[in-house]
Amino acid sequence: MRKLDYRWHLREVMAMRGMFATTDLRPVLAERGIDLSPSQVYRLVAERPERLNLAVLMALMDILGCRMEELIEPVAVQAPAARRAAGQESSGRSGGAGVGEFRPRRARVLPPPEDGPGN
């Protein structure tokens, strides 16, 4: 099963337009009627938004002179494989990492080496 995800490129698009600080974005958003707090603007630039107001998106496209595809890149991702019941082993390696590959290896504690004569 295929799922869709996205990459958020606001920081890169801003940099290509000579805007390097999140504080540069706040006044130009306000000129377009978008009043966001400094922390909201920072999160908009530095993080991938889960929800985005269309008015904010339109304002960003206007400010940066870009298209939506430049800001939001759709990406197809592989859905995770079905979970197996506890204790079930797969019949072969499919190339993916299983949980066991991320578990730490059991440590073997050895006695300290004995010092020989002259040490």
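Reader: Which residues is Leu71 in contact with, leaving aside its neighbours within four places in sequence?
Author: Leu71 is in contact (heavy atoms within 4.5 Å) with Arg7, Trp8, His9, Leu10, Val13, Leu57, Leu60, Met61, Leu64 and Cys66. This is a predicted model, where local features need pLDDT of at least 70, side-chain atom pairs count only at pLDDT 80 or more, and totals for chains, interfaces and linings use all residues. Residues are numbered from 1 along each chain as its sequence is written, and side-chain values use heavy atoms, without hydrogens and water.

Reader: And the largest nonpolar core, which members touch the most others?
Author: Leu10, Leu25, Leu29, Leu60, Leu64 and Leu71, out of 21 residues. Such a core is a set of buried Ala, Val, Leu, Ile, Met, Phe, Trp, Tyr and Cys residues joined through side-chain atoms within 4.5 Å.

Reader: Which helices each supply at least two residues of this core?
Author: α1 (10–16), α2 (25–31), α3 (38–46) and α4 (54–64) do. Helices here are DSSP runs (H or I, at least four residues), numbered from the N terminus.

Reader: Which one gives the most?
Author: α4, with 7 residues.

Reader: Switching to α3, which of its residues are buried?
Author: Val41, Leu44 and Val45 are the buried ones; buried means under 20% relative accessible area, with a 1.4 Å probe and protein chains only.

Reader: Why are they on the same side of α3?
Author: Because they cover an arc of only 90 degrees around the axis. The arc is taken from the directions from the helix axis to the C-beta atoms.

Reader: What covers them?
Author: The cover over the buried residues of α3 includes the strand β1 (2–8), along with α1, α2 and α4.

How values were computed. Buried means under 20% relative accessible area, exposed over 50%, partly exposed in between (1.4 Å probe, protein chains only).
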